Amino acid sequence: MNKRYDVSQQALDLQKLRFDQDLRDHDIDMILNRRQCMAATLQIIERNFPELLSLNLCNNKLYWLDGLSDIVEKAPQVKILNLSKNELRTSTELDKLKGLKLEELWLEGNPLCSAFPDQSAYVSAIQDCFPKLLRLVSAYLCSPPLFLTYATPTAPKPCGSHHRDSLSSLLLHRYYLIYDYGDRQGLLDAYHDEACFSLTIPFNPEDPDPNSLEEYFKDNRNIKKHKDPFLRMQLLKHTKYDIVNCISILPKTQHDFNSYVVDLCVQTEMMLCFSVNGLFKEVEGKSQGSVRAFTRTFILTSGTNSSLCIVNDEMIVRNASPKETQSAFSIPMLPPSSSYVPDQEQQGTAQPFSTQSEEQNLNWKKWEFTNGNFHLICKNNFCYVLLPKMGSWKNIY
Amino acid sequence: MRKYRGDPQGNRERYCGRSHYYCEDPQKSYSYRVKQTREDTVTPPMSEHTYSGSPKTMSVDFKTYVDQACRAAEEFVSIYYETMDKRRRALTRLYLDKATLIWNGNVVTGLDALSKFFEMLPSSEFQVNMLDCQPVHEQATQSQTTVLVVTSGIVKFDGNKQHYFNQNFLLTAQSTPNSTVWKIASDCFRFQDWASS
């Protein structure tokens with residue numbers, strides 16, 4: 001046991017304990033999901049490492065945590081607990097550890113992760129157990145995980161509804177947070193080197209104010225109208241630099257994530273194609289306040305590091321109807337006082353992302369999002385959730 | 001290093017709509033035209049080409065690919081909506097066997113289901129006002145030539161009021177020795193809640 005204890009970190013690594021060579025050599029079968037084994041382990045911890053701060057129980061086929069509940073007495077200082085890749089089915093198991101003042105919890109790879117109707121229910125349930133929790137690591141938050149393992153030709157799942165936790169929803173969230181609140185140059189990593197983008201404005205004779213879309217006119221590509229091959233070529237943005245330059249000049253926006261309706265068109269090993277219909281409003285310039293409706297079709301493929309990148313991106317933008325304008329932003333997404341302020345004391349500032357350094361953080365590879373309840377970070381294709389300590393945010397990573 | 005395969009000639013004459021079928025070109029055989037059914041969107045056969053080390057090779061390739069996508073899209077769109085309006089029962093011929101249709105959120109997969117669906121759908125009158133298309137990158141399609149087609153317009157189904165719609169298709173090229181036939185791999189259709197209608 002001693003060899004698995006790291007004194008400097010006060011961390012004990014009991015990962016896959018059953019297969020530990022030393023234990024096997026001594027003919028000791030340490031199956032942690034058996035009550036006696038767990039009890040014995042906890043006794044050893046109590047005797048030898050009572051100051052334990054971090055415990056790794058990954059990959060031990062734990063179905064229940066009854067045996068572990070004694071840890072609250074035997075190793076009360078544990079702040080970091082790794083329970084990933086076990087067989088925990090419900091969050092009530094975690095209730096058994098309630099006395100622990102956990103700051104960091106790893107849960108990925110447990111069946112309980114997909115047992116929740118949506119992401120915020122999941123996070124709330126965990127928060128209820130461990131109110132002091134600062135960091136939750138769970139692949140559910142990007143389910144299916146961002147490392148692609150699509151089965152080949154799958155029939156697309158039923159869609160068209162607000163499927164908050166699907167991969168496409170998560171990608172959209174990530175994309176539009178940078179698009180709305182960061183420097184759009186931060187989207188360079190979201191695109192393939194040779195990606196394509198084009199934009200069109202559908203024709204509607206009943207639109208009372210078609211000219212309010214004038215900022216989009218210069219990019220409007222309608223091959224029914226434009227017959228000249230040179231012009232058709234010009235209006236299609238090719239390469240990620242051209243695309244990002246183009247979208248950087250488009251008006252600054254705020255998208256209503258709650259209005260999104262996503263249709264998943266294709267999901268295969270190499271391609272993810274979906275269409276999103278939704279609303280956004282313009283937040284500056286001549287048409288400030290105008291609400292637009294858009295349909296955006298994305299085609300993504302697996303790029304370097306198994307991360308997804310956009311190869312095709314097509315946007316239709318039009319003025320929203322009176323009914324759509326009314327319904328837009330009716331469900332608040334970011335409470336007005338919740339600004340993205342890591343490491344700051346200021347509360348309730350009206351302007352989100354006011355400082356330069358915060359804007360720089362918003363890029364595809366590493367980005368953050370906060371909504372006052374939790375703080376979501378995407379880094380190296382994993383999503384981490386940070387739960388705020390009372391009063392201020394803390395950057396842990 | 002070529003990423004796109006495309007029509008080598010990129011001839012301007014064959015660019016506008018149907019006229020390319022009648023273009024004089026001794027190298028190509030147009031007898032296939034007789035054998036194809038009216039519903040097929042057909043473009044002249046694609047073949048590999050080599051450019052002799054021109055520095056503009058990459059952008060020339062991409063351009064011809066864009067041209068090809070535009071041609072396919074224009075041809076396809078006119079055939080698709082005409083078939084939908086006037087020869088509804090033949091519509092499923094434009095779809096791949098495993099194609100999927102998402103119609104206002106309803107998922108319909110496979111030719112059988114598509115047949116039943118189109119049978120049940122009332123007769124239609126489509127008017128397409130907008131068309132855009134992009135060649136889909138080879139990496140996503142594993143070298144199966146594919147075009148993203150996006151359309152928008154107005155439709156009136158019998159017995160219902162008029163609706164605006166947005167629609168997008170993924171068209172995949174199926175090459176035969178004499179021609180390339182484009183078929184729908186996925187079709188996503190949604191009404192748009194435009195003005196007061």
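Guide: Let's begin with a term: a salt bridge is a side-chain nitrogen of Lys or Arg within 4 Å of a carboxyl oxygen of Asp or Glu. Between chain A and chain B the count is four salt bridges. This is a predicted model, where local features need pLDDT of at least 70 and side-chain atom pairs count only at pLDDT 80 or more, while totals for chains, interfaces and linings use all residues. Side-chain values use heavy atoms, leaving out hydrogens and water, residues are numbered from 1 along each chain as its sequence is written, and chains are lettered from A and ligands numbered from 1 in the order in which they are written.

Visitor: Why is the pair Asp263(A) and Arg190(B) called a salt bridge?
Guide: Their side chains meet at 2.7 Å, N to O. The cut-off is 4 Å, so the pair qualifies.

Visitor: What makes residues of chain A and chain B count as in contact?
Guide: Contact means heavy atoms within 4.5 Å. By that rule, 55 residues of chain A are in contact with 45 residues of chain B.

Visitor: How do you know what area is buried between chain A and chain B?
Guide: Buried area is the accessible area (1.4 Å probe) that two parts lose on being put together, summed over both. Here that comes to about 4,400 Å², with carbon and sulfur atoms giving 58%.

Visitor: What makes the largest nonpolar core a core?
Guide: A nonpolar core is a set of buried Ala, Val, Leu, Ile, Met, Phe, Trp, Tyr and Cys residues joined through side-chain atoms within 4.5 Å. Buried means under 20% relative accessible area, exposed over 50%, and partly exposed in between (1.4 Å probe, protein chains only). The largest such set has 43 residues, and Tyr80(B), Tyr95(B), Phe118(B) and Val149(B) have the most contacts inside it. H2(B) gives the largest share of this core, twelve residues.

Visitor: Which residues does Phe118(B) touch, leaving aside neighbours within four places in sequence?
Guide: Among them are Tyr80(B), Met84(B), Leu91(B) and Tyr95(B). Apart from that core lies another, of 40 residues, including Leu32(A) and Val123(A).

Visitor: How many helices and strands does chain B have?
Guide: Chain B has four helices and seven strands. Helices (H or I, at least four residues) and strands (E, at least two) are DSSP runs, numbered from the N terminus. Of the 197 residues in chain B, 56% are buried.
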